[in-house]
Amino acid sequence: MTKILWADDEIEHLRAHILFLQEKGFHVTTVSNGIDAIDELDQDFFDVVFLDENMPGLTGLETLVKIKEKRPDLPVIMITKSEEELIMEDAIGSKIADYLIKPVNPNQILLTLKKNLDSKRLLGDRAMTSYRSQFMDLSSQISDAHDFDSWLEVYNKLVFWDIELSQTADPGMKGMLQAQQTEANGQFFKFISRNYLHWLKPNSDQEAPVLSHTAFKKLIYPVAKEEESLFVVLIDNLRMDQWRTIRNILSDYFVIKQENAYCTILPTATQYARNSFFAGLMPSEIEKIHKDLWLNENDEGSKNQYEPELLSLQLKRLGYTRKHSYQKITTLDAGKKLVENFSNLNQNALNIVVYNFVDMLSHARTDMEVIKELAEDETAYRSL
């Protein structure tokens with residue numbers, strides 16, 4: 001049963017509305033001031049709060065702040081007699097879910113409850129309907145994919161539906177998507193098996209996708225030549241669905257002008273793929289040309305400790321002579337130092353920042369019981 005807390009100093013005048021809600025199956029607890037509203041929240045769990053803006057003593061806005069301190073995710077619907085702009089700006093800035101202007105009518109109340117309590121379910125239902133309608137088209141795309149770009153389009157769609165369907169609890173629908181992801185993985189494996197060695201042959205650049213050892217030269221160097229100051233942030237082990245999650249946060253601060261993708265070399269492990277990225281060479285070439293900068297599996301020490309040197313050598317080969325830096329962030333303190341040193345780094349033409357957090361998290365997800373529990377499925381993993 002949905003539990004509503006309704007705070008209004010004229011609560012006796014709202015009996016008809018409360019009876020209406022009770023007849024619809026809602027459980028309504030009423031209080032006449034903000035202090036009592038806070039006390040009720042300490043004693044019981046509520047799904048939504050109706051809050052009068054103009055109460056004596058603790059005002060509606062002051063009560064709202066205290067509610068959000070206790071339950072940041074609790075939807076609060078502000079009810080006000082005034083449409084005064086300053087009041088509404090304060091309320092919206094304090095993250096109200098909705099607002100109603102007095103006198104309210106029962107239909108308005110039901111509508112705002114539906115919008116705020118059923119929105120996740122409605123979004124999930126809509127996503128399921130859309131996925132069903134596109135299921136066969138996506139299956140055809142998986143069967144017909146013949147080059148890296150068409151596979152990238154398939155992958156983008158699978159990631160999109162993975163995120164969209166995370167809002168539904170329907171196990172059958174999630175099972176359909178997992179089966180389609182498994183089918184795509186199998187077909188993509190065959191595609192890589194057929195083409196990978198050909199991509200590595202001399203003079204195959206026109207047919208091959210951008211790979212780890214060509215990514216810097218093809219995607220970053222052309223921008224680095226033009227920009228006065230460029231930061232390259234490399235997040236190790238980042239997947240497309242995880243990028244979609246942090247993209248929404250970054251878009252509050254930056255304009256995302258372009259998105260590209262490249263294909264990792266094999267093996268995909270950090271020792272090979274990331275060294276290859278910084279060197280602009282395949283691992284076998286690094287070992288051959290820069291023996292002192294390559295560590296094999298059985299050698300002691302970090303297998304990626306020479307990335308700054310490999311980067312400098314690649315920049316030299318490309319003819320890039322401007323000042324650059326390399327930073328590797330593996331701890332909170334290292335991150336703080338990066339922030340403190342930002343004004344100095346900003347004077348460099350090129351700064352490379354490697355973040356190891358996602359890679360560390362993926363290993364912890366395998367090794368640590370507490371992380372396994374926190375990231376029990378892909379939706380939880382993205383959230384973390």
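Two strands count as paired if DSSP finds at least two bridges between them; strands (E, at least two residues) and helices (H or I, at least four) are DSSP runs numbered from the N terminus. S1 and S2 pair in the parallel sense over five bridges, and Trp-6 stands opposite Thr-30 in S2. The model is predicted: local features need pLDDT of at least 70, side-chain atom pairs count only at pLDDT 80 or more, and totals for chains, interfaces and linings use all residues. Residues are numbered from 1 along each chain as its sequence is written, and side-chain values use heavy atoms, with hydrogens and water left out.

| Strand | Residues |
|---|---|
| S1 | 3-7 |

Leu-5 is found in S1 and, at 0% relative accessibility, counts as buried (buried is under 20% relative accessible area, exposed over 50%, partly exposed in between; 1.4 Å probe, protein chains only). The C-alpha atoms of Leu-5 and Phe-50 are separated by 6.2 Å, although the two residues are 45 apart along the chain.

In H5, Ile-109, Thr-112, Leu-113 and Asn-116 are buried. The face of H5 turned away from its buried side carries the exposed residues Asn-107 and Leu-111.
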